[in-house]
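I opened this model to look up its packing. My notes follow.

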Amino acid sequence: MSEHERSRTVAALPEEVFAQAADVDQIETWIPRELHVQREEPPAVTMHDDETGRDSPVLLRARRDQLRLEWGTRDGGRYAGWLRVEGIGSGASAVTVHLSFFDEGQAPPDHEVTLALDESLDRLAEQVRVRADRAGH
């Protein structure tokens, strides 16, 4: 098994960060660019990966009371992950994303996963900022 975790501080309240992260209609604005989400009957979605051309049936659950988003493949258990948002005071939040690949032979190289997680967290922070600007915060 291969596990990866990255964190980032975002200058916004945790509820605002989570609202952006968990919005299925906006999720492609922050997840890795090669991934695309097709909504199905909740909590089911299909994740398309441009690099592999593969469609994967995925479960995506938002646990709003915990400010936690969880996902994982529905068949074969190839990977699972979660994102958690925590308030750290002064109107800021800590966002942590975690990925587990259950078959090391199917896992991307560590440096690629680290880069993808860091870029995703940066994009999420930018989307939160844009959303706040639109709302006039």
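I take buried to mean under 20% relative accessible area, exposed over 50%, and partly exposed in between, with a 1.4 Å probe and protein chains only. By that cut-off Tyr79 counts as buried, at 17% relative accessibility.

Notes on the source. The model is predicted, so I note that local features need pLDDT of at least 70, side-chain atom pairs count only at pLDDT 80 or more, and totals for chains, interfaces and linings use all residues. Residues are numbered from 1 along each chain as its sequence is written, and side-chain values use heavy atoms, with hydrogens and water left out.

Entry: aromatic pairs. I searched the whole structure and found one aromatic pair. Tyr79 and Phe101 form this pair, at 6.2 Å centre to centre and 50° between the planes, and it is tilted. (Rings of Phe, Tyr and Trp, the last by its six-membered ring, pair if their centres lie within 6.5 Å; planes under 30 degrees apart are stacked, over 60 edge-to-face, the rest tilted.) Tyr79 is in strand 6 and Phe101 in strand 7, so the pair ties together parts 22 residues apart in sequence. Phe101 is buried, at 12% relative accessible area. Helices (H or I, at least four residues) and strands (E, at least two) are DSSP runs numbered from the N terminus.

Entry: the core. Of its 32 residues, Val17, Trp30, Leu69, Trp71, Leu83, Val95 and Leu124 touch the most other members. Which element gives the most to this core? Helix 2 does, with six residues. I then checked contacts, meaning heavy atoms within 4.5 Å. Beyond four places in sequence, Val95 touches residues including Val17, Leu83, Leu121 and Leu124.

Entry: the two helices. Helix 1 (residues 14-22) has Val17 and Phe18 among its buried residues. How are helix 1 and helix 2 packed? They pack at about 110°, with axes 10 Å apart. (Axes are lines fitted to C-alpha atoms, for helices over the stretch in contact; angles run from 0 to 180 degrees between N-to-C directions.) That makes helix 1 roughly perpendicular to helix 2. (Under 35 degrees is roughly parallel, over 145 roughly antiparallel, 65 to 115 roughly perpendicular, the rest oblique.) Glu16, Val17, Ala19, Gln20 and Ala21 in helix 1 meet Leu124, Gln127, Val128 and Arg131 in helix 2.

Entry: Leu117. I found Leu117 in helix 2. Leu117 is buried, at 6% relative accessible area. Leaving aside neighbours within four places, Leu117 is in contact with His4, Glu5, Arg6, Val97 and Leu99.

Definitions and conventions. A nonpolar core is a set of buried Ala, Val, Leu, Ile, Met, Phe, Trp, Tyr and Cys residues joined through side-chain atoms within 4.5 Å.
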